[in-house]
Amino acid sequence: MDINTVREFSSSNNVITTDTDQSRDPWKFLRWLNPGFVLPLLAGALFLLLWELQIFHRIFDLKKYQLPLPSAIAEAMRDNLSLLLSYTGYTLTEAVLGMLIGSGCGFLIALAATAWPRWGGGSLTMVAALNAVPIVALAPIMNLWFGDGIGSRAAIVTATTMAAMAINAYKGMAAVDPLALDLMHSYAAGKRAVFRHLRIQNSLPYVFTALKINATASMIGAIVGEFFFSSRGLGYLLSNSIKVAKMPLGWSCIVLAAIAGVIFYLIVERLEKVFIKWHPSRRA
Amino acid sequence: MKLNRALMRGRTLPLLIWICGLLVLWEAVSWWLLHVAKTPLAQSKLPYVHEVALTLWQYSGTLLREGGATFGNAGVGFLIGALSGVLLAVLMSLSRMIEQLAFPYAVASQMIPILGLAPIIYGIVRDEQMSRIIISGYITFFPVALNMLRGLRSVDPSALELMHSYAAKPWAVYWKLRFPAALPGLFSGLKIAAPLAVTGAILVELMGAQRGIGVIMLRNLYYGPSHTYMFWSTVLVGALLGMTSYWLMSLVERLVAPWQPEFRPQGGSR
């Protein structure tokens with residue numbers, strides 16, 4: 001789950017492979033040829049080539065209308081570019097809006113659970129339970145409550161992103177250095193001051209981990225929400241073009257959704273760098 | 001006072017009060033919507049709890065059967081996905097080349113809305129059973145592989161040296177050291193994937209299938225207000241399936257890897 005740890009993992013790998021003395025290396029450009037970079041690229045190109053040459057179609061006995069070729073997908077994308085872009089924007093709006101509300105609520109729940117552990121702890125358990133509820137069960141209810149506009153999808157995303165934030169932020173607020181807590185007590189700091197200066201700061205790295213998880217989860221929530229009742233958005237176009245057997249258009253929806261999701265994720269990651277720069281864990 | 005404190009100490013009582021409070025609030029809002037605010041479709045929006053419970057009881061046979069079908073399909077896909085995820089993780093930990101090939105795509109695939117692929121896979125396979133299993137397996141595959149690989153790699157170096165000094169064979173290193181070390185990671189992957197696998201299975205059922213809880217859910221949604229209670233019951237069953245899958249994974253984790261800090265009475269985080 002932890003994209004964060006995954007990232008740490010991959011970046012630590014990069015450190016190992018590229019940590020040679022590069023400042024005086026005349027073959028600097030050869031660094032791009034290191035196997036960690038070239039191999040996956042080659043594999044991806046090979047995959048696309050095999051797909052384009054219909055090798056997969058032969059192996060799995062598929063027809064071209066079932067699994068369209070990459071060139072057909074690119075063509076469909078070019079033909080419907082303005083429609084696709086506007087729908088991507090719509091879906092992304094739902095995702096961002098829902099994620100902001102959901103993460104905000106999750107953070108508040110974590111605050112409450114830390115401030116009043118006995119009673120707030122129960123709310124944490126219930127949010128975790130909400131997390132296990134399938135999106136497909138939530139979606140029709142949210143549609144009944146909020147109509148078929150942007151609100152219902154935002155509500156679905158809110159419900160799916162709340163738990164990750166609540167649980168992560170709670171972990172950050174609870175796992176405070178006991179010495180720091182003792183110091184605050186010795187200064188006779190009130191509960192509020194402890195929160196402002198210690199717990200919230202301490203929770204920030206955890207909060208950003210949750211935000212990164214939520215960036216992907218919110219795209220899924222928005223798209224699945226659009227499968228049900230919607231007249232706009234990538235999820236609507238996707239399920240609709242499958243229904244009328246326009247597979248290339250459906251695939252181009254997925255491609256765009258993936259690109260939008262990655263960009264969303266990268267933005268959150270960028271924000272993390274900006275906001276946690278001052279944090280001791282980043283100063284090193 | 002003393003009795004009061006004894007009751008308050010546990011975590012169960014506050015949770016119980018939370019649940020009861022929510023149920024009462026739900027019932028009250030439902031009544032308010034129906035009789036005071038007179039919203040259109042009041043019962044569809046928030047039905048009486050007792051009516052839903054009654055329906056749940058009356059149709060428990062059907063719901064159990066269809067829910068079981070969904071759960072079984074999700075389970076088969078989940079098992080296949082988990083097994084291949086573990087296999088890929090072991091391969092990646094054995095061979096640097098396989099890792100360099102697969103890892104970037106594994107990370108990238110985490111950022112693609114996987115559930116969005118459901119209609120496409122259904123469109124390709126055109127077989128509900130198959131596509132349900134494929135989607136549940138696909139969703140399970142990557143979190144399990146990534147978490148497992150992290151676990152396999154995070155072995156204590158001094159323990160590894162000890163194994164070397166005993167001239168342990170590679171399979172012994174894997175069996176006795178790396179696999180146990182990878183179990184917590186494996187289970188955190190499984191716990192993420194289990195509810196998602198159920199979601200994937202229901203999603204396929206919504207798109208057109210013969211059996212499963214999603215089929216009844218959709219049918220009752222379209223029948224309108226007269227089938228409200230049944231619709232809400234199916235939603236509840238779907239929610240229960242998701243939670244059960246998570247709970248099952250936690251239970252198995254407790255049985256298989258009971259040494260983890262979070263299972264100690266004091267809790268692991270502090």
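How much area is buried between chain A and chain B, and what share of it do carbon and sulfur atoms give?

1. About 5100 Å² is buried between the two chains, with carbon and sulfur atoms giving 79%. Buried area here is the accessible area (1.4 Å probe) lost when two parts are put together, summed over both. Please keep in mind that this is a predicted model, in which local features need pLDDT of at least 70 and side-chain atom pairs count only at pLDDT 80 or more, while totals for chains, interfaces and linings use all residues. Residues are numbered from 1 along each chain as its sequence is written, chains are lettered from A in the order written, and side-chain values use heavy atoms, without hydrogens and water.

2. Chain A brings 60 residues to the contact and chain B brings 55 residues; contact means heavy atoms within 4.5 Å.

3. Across this interface the rule finds zero salt bridges (a side-chain nitrogen of Lys or Arg within 4 Å of a carboxyl oxygen of Asp or Glu).

4. On the side of chain A that touches chain B, the residues split into 43 nonpolar, 14 polar and three charged. Nonpolar covers Ala, Val, Leu, Ile, Met, Phe, Trp, Tyr, Cys and Pro; charged covers Asp, Glu, Lys and Arg; the others, Gly among them, are polar.
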